[in-house]
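Visitor: Please show me the model. Then walk me through it.

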Amino acid sequence: MAEAHSAVAFSFAITHEGFDINYDQEVLNLVWNSGVRSWKKRLARARNGVRNGVYPAHIQSLWLISAIAIGLHFSGYQVPFNLVNRILVYFPTNTINWQVMACFCASLIVWLSICYTMRYTLKLLLMYKGWMYESRAPGSKISITTMVWTGVVKVLSSWNTPGLYSFQGSLPRLPLPSVHNTMQRYLRSVRPLLDDDNYKRMEGLAKEFEQTIGKKLQWYLVLKSWWSTNYVSDWWEEYVYLRGRGPLMINSNFYGTDAIFMNLTNNQAARAANVVSLLLGFRRSIERQELQPIMIQGMIPLCSWQYERTFNTARVPGLETDRIVHYKDSNHIVVLHKGCYYKVLIYYKGRSLRPCEIQVQMEEILNSKAEPLPGEENLAALTAWNRSKWAEVRNSHFSRGVNRVSLNTVESAAFVLSLDTIPYEFDLAQPDLLDKFGKTLLHGNGYNRWFDKSFTVCVGSNGRVGFNAEHTWADAPVMGHVWEYIFGDDIEGYDETGNTKGIPEFQPPSPTRLKWELTPCLPQIDEATIDASKLINDVDLRILVHTQYGKGFMKKCRLSPDAYIQMALQLAYYRDAGRFSLTYEASMTRLFREGRTETVRPCTIESSAWVKAMENSSTSNTERVELIRKACERHQLGYQDAMCGQGIDRHLFCLYVVSKYLEVDSPFLNEVLSEPWRLSTSQTPHGQTPKMDLKKHPNCISSGGGFGPVADDGYGVSYIIAGENLIFFHISAKKACKLTDVHRFADNICKALADIRTMFEEYLKDQPAKKITNGTT
């Protein structure tokens, strides 16, 4: 493996013969190109800042208005409000040049007025959320208000082609619910979980909180909601993520898998190179803001704030709290292979390297006979360790010398790439292979993923890929968007031999080994490795591939696919545990600026009634169908409320934070915030980008991803509705808990889905003249 450039860029010495100047032109060229690239990015950011600041208006429209103002003025007509003449009095003379300047100033004022009028009109329109609560069923009528609103929003949204952050200034702030409404929603959500006595006790605590300390806490939140962009997001990031002291591996990080029904190439170096190139292209589209913001129904924008930290980002451990560090630019990635770390330049000779050139670099690493330095192979176990312990080791052994330089290289990299020595396999006849695939991505061996990086791309020896992502910087839909983007272009990236397309124009720079001096911290690395192994050995993962039916049948039932699956999970959990449990489903609040997530509580009065009816043999199918319809409608309403900023849990969380700041004890908040989420669920979004043409490539479907269990005695369930007849479930649990079993729960999910299908089929069979439409018969 080639070593780093040994030449010095510039040096001089004074001798008896005069000055002796030495310089390395290649290194100076690198420095020059780096500076030019940096200035290009600054100019691009400035240009995009102006464009976003005036959106939805066009920047070019300024010149049109200026031309009109000049034409009106010199034709003897008065510019509106007599602006030109009013401005002229402040200029030295009344010459033609100063008159033109006055016309330009007047047009600038008019133009800015128009721009901000359009912008704040759009912001006011986006505050309206009535459209979300209207039925989308065939034959249902849309209100006149929503129709007019839709037309105006479409005009303003399509007036100009938006950049990634163009809508940020037009997005409304997250609304703050009233304490009374949150109390009512909360009490309704826990009713199926509590007996009469406990429910009355909780009612009393809620009433006391609302009438006493709740008013004071709410007042502080009102101030915060006025002052800050989003009253939740900064506290959520700090207290839920950055102040957590537990290991990131399994407990916080999540993973995503490959398009498992496709095998694009078995060449590990080629697949790694093409994925790296596509990721760098995605980074470039973020930096240039060429990436289109995600739009609901093609006109309602989602907040794009989370994309800022996708690349060049790391979570840095601290003794009490971590911090997210985002680097403005990075011209390298770090590759981890067989315990060795390599710095790989991906920008050379004034441009990004092409896939065929990156493949040369990957092959050089894969063919290397290098051995890890002492402690290097298990080094990443520190990132899977307790955060305070990792911070102590970092402060003691990585704050100076070669360790500091190498650690900075890892943390400032665009991302980390792990070239694994094992294949990622999938076979429908052997479910354990996909389970192993998921476990490899979730935790690896505990030290072949750099868990602090925003994400680590993992490539198996057979060319399949996946990722492990840190959760603080963004939520799963953002990483899912990145992954869909990759799949959309990755399909056409290989020739008939499985190599990347094209021929290298030059020999790319060779990867360089990172240097470490780890002998002083070997005991800590060993301890971290042991702790990581214990955590890995205690987690179990089952990836269920459900092929009996998918969203096609759910649509025939006129039920929301998400609500349908949530009802199946409620039935499966009741059969598995013999009781109902507090259930978490993640919903997004990205309709608002800097919005992240809100909790939907799928275990409701209606869902529990339906589950009990399913377990009662005397209940007719007609009754069961009516009950599941009501349960799905209630679930949809809860989801809509959460998306519109009227959820329960983020409001309670912020009230709790304020109470801690004020050192005020609240029995109600203490109990609410300590309730365990024994069933934590999340749907992986699908089809966020038009790049995925499923008609042309029907097998280009990811099996989604998953996460570890939230509660020690609970399940973590991630699911993706991948097609008309395909659903993936990623189920995790702790092996140490005797009450949970991922394989048993997977069987219960299959049985629940089968029973719901049978229920509807028998219902329709018994009443052939009736059809389910909009939940009514």
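Guide: Start with a term: helices (H or I, at least four residues) and strands (E, at least two) are DSSP runs, numbered from the N terminus. This is a predicted model, where local features need pLDDT of at least 70, side-chain atom pairs count only at pLDDT 80 or more, and totals for chains, interfaces and linings use all residues. Residues are numbered from 1 along each chain as its sequence is written, and side-chain values use heavy atoms, with hydrogens and water left out.

Visitor: Where is D712 found?

Guide: Look at strands β20 (705-706) and β21 (715-723). D712 sits in the loop between β20 and β21.

Visitor: Is D712 buried or exposed?

Guide: Buried means under 20% relative accessible area, exposed over 50%, partly exposed in between (1.4 Å probe, protein chains only). D712 has a relative accessible area of 54%, so D712 is exposed.

Visitor: With which side chain does the side chain of D712 make a polar contact?

Guide: A polar contact is a pair of N or O atoms within 3.5 Å; within protein, one must be able to donate a hydrogen and the other to accept it, and residues adjacent in sequence count only if both atoms are side-chain atoms. Here the pair lies at 3.0 Å, and the partner of D712 is the side chain of K734.

Visitor: Is S680 buried or exposed?

Guide: S680 belongs to strand β19 (residues 679-683). Its relative accessibility is 5%, so S680 counts as buried.

Visitor: What is the mean pLDDT of the chain?

Guide: pLDDT is the predictor's confidence in each residue, from 0 to 100. In this chain, 92% of residues reach 70 or more. The mean is 89.
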